[in-house]
Amino acid sequence: DGGGGGHGGACDSSGARQRAAARAREAAMPLVTGEEKQLLQEAVGSQQTVVASAIARLHLASPDPKAVRRNDPNSILRTFKNLSSEKWTYTNVVGALVFVIDRSTDSFIFQIYDLSNYQLRFEYELYYDIEYSMLSAQFHAFEMEDACAGFCFADPEEAKSFLSKVMALKPSTRS
């Protein structure tokens, strides 16, 4: 069901949202600037193409927080130990969310880069027939192996554009 209840207005109190919105107003530019888009394309590398970008924060919830797969050292539940099935948990991962196509592996990937140093902070490869849902104008969610992930967008227009690209391009077994 997408898990974890509402996001509790976390987007509305976000300092990142306020800074990003102020930057956009002052510069009369998109929240992710053309220069940042160029730097993001360089960060993802020549085998990947950025098809959408937006400023966002990563939130997680877990349908069963105790369900860490003991044999999986890569489980996201090992990194984020305090997840709840009752509410979304902010992960302290914020930056430029990009939706990329990786031509070397023929895959679609979500990545979040820190805009201060263009370091990769989060990456997730989309699976076939992923259910990517808009829970509000600024909050989208999807299920991962061990948790539900939510993107809290700084700007509703960037969120709408990002949603449009994901819905049009996400991998599907349906024709």
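Which residue of strand 6 stands opposite Ser-133? The residue is Ala-141, and the sections below place this pair in the chain as a whole.

## Model and conventions

This is a predicted model, in which local features need pLDDT of at least 70, side-chain atom pairs count only at pLDDT 80 or more, and totals for chains, interfaces and linings use all residues. Residues are numbered from 1 along each chain as its sequence is written, and side-chain values use heavy atoms, with hydrogens and water left out.

## Overall make-up

The protein chain contains four helices and seven strands. Helices (H or I, at least four residues) and strands (E, at least two) are DSSP runs, numbered from the N terminus. Read from that end, the order of elements is α-α-β-α-β-β-β-β-β-β-α.

Of the 175 residues in the protein chain, 46% are buried. Buried means under 20% relative accessible area, exposed means over 50%, and partly exposed lies in between, with a 1.4 Å probe and protein chains only. The protein chain exposes about 9400 Å², and 48% of this area comes from carbon and sulfur atoms. Accessible areas come from the Shrake-Rupley method with a 1.4 Å probe; for residues, only the protein chains shown count as cover. Among contacts (heavy atoms within 4.5 Å) with a separation of 6 or more in the protein chain, 58% are between residues 24 or more positions apart.

Seven strands make an open sheet with antiparallel pairing, in the order 4-3-2-1-7-6-5. Its edges are strand 4 (120–125) and strand 5 (133–136), each of which pairs on one side only. From one strand to the next, the twist averages 35°. Two strands pair if DSSP finds at least two bridges between them. Strands of a sheet pair through backbone hydrogen bonds, either parallel or antiparallel.

Strand 6 (residues 139–143) is joined to strand 7 (residues 148–153) by five bridges, and to strand 5 by three. Both pairings run antiparallel. Ala-141 stands opposite Gly-150 in strand 7, and Ser-133 stands opposite Ala-141. Two residues lie between strand 5 and strand 6 in one hairpin, and four lie between strand 6 and strand 7 in another. Strand 6 is mostly covered, with four of its five residues buried.

## Helices across the sheet

Helix 2 (residues 34–44) lies across strand 1 (48–61), strand 2 (89–102) and strand 3 (107–113), and runs at about 90° to strand 1. Helix 4 (residues 156–169) lies across strands that include strand 5, strand 6 and strand 7, and runs at about 110° to strand 1. Axes are lines fitted to C-alpha atoms, for helices over the stretch in contact, and angles run from 0 to 180 degrees between N-to-C directions.

Asp-114 sits in the loop between strand 3 and strand 4. Asp-114 is buried but has no salt bridge, meaning a side-chain nitrogen of Lys or Arg within 4 Å of a carboxyl oxygen of Asp or Glu. The nearest side chain of opposite charge is Arg-121, 4.5 Å away. Lys and Arg count as positive and Asp and Glu as negative; His and the chain ends are not counted. Leaving aside residues up to four places away in sequence, Asp-114 touches Val-94, Gln-119 and Arg-121.

Val-94 belongs to strand 2. Val-94 counts as partly exposed because its relative accessibility is 26%. Val-94 and Arg-57 are 37 residues apart along the chain, while their C-alpha atoms are separated by 4.2 Å.
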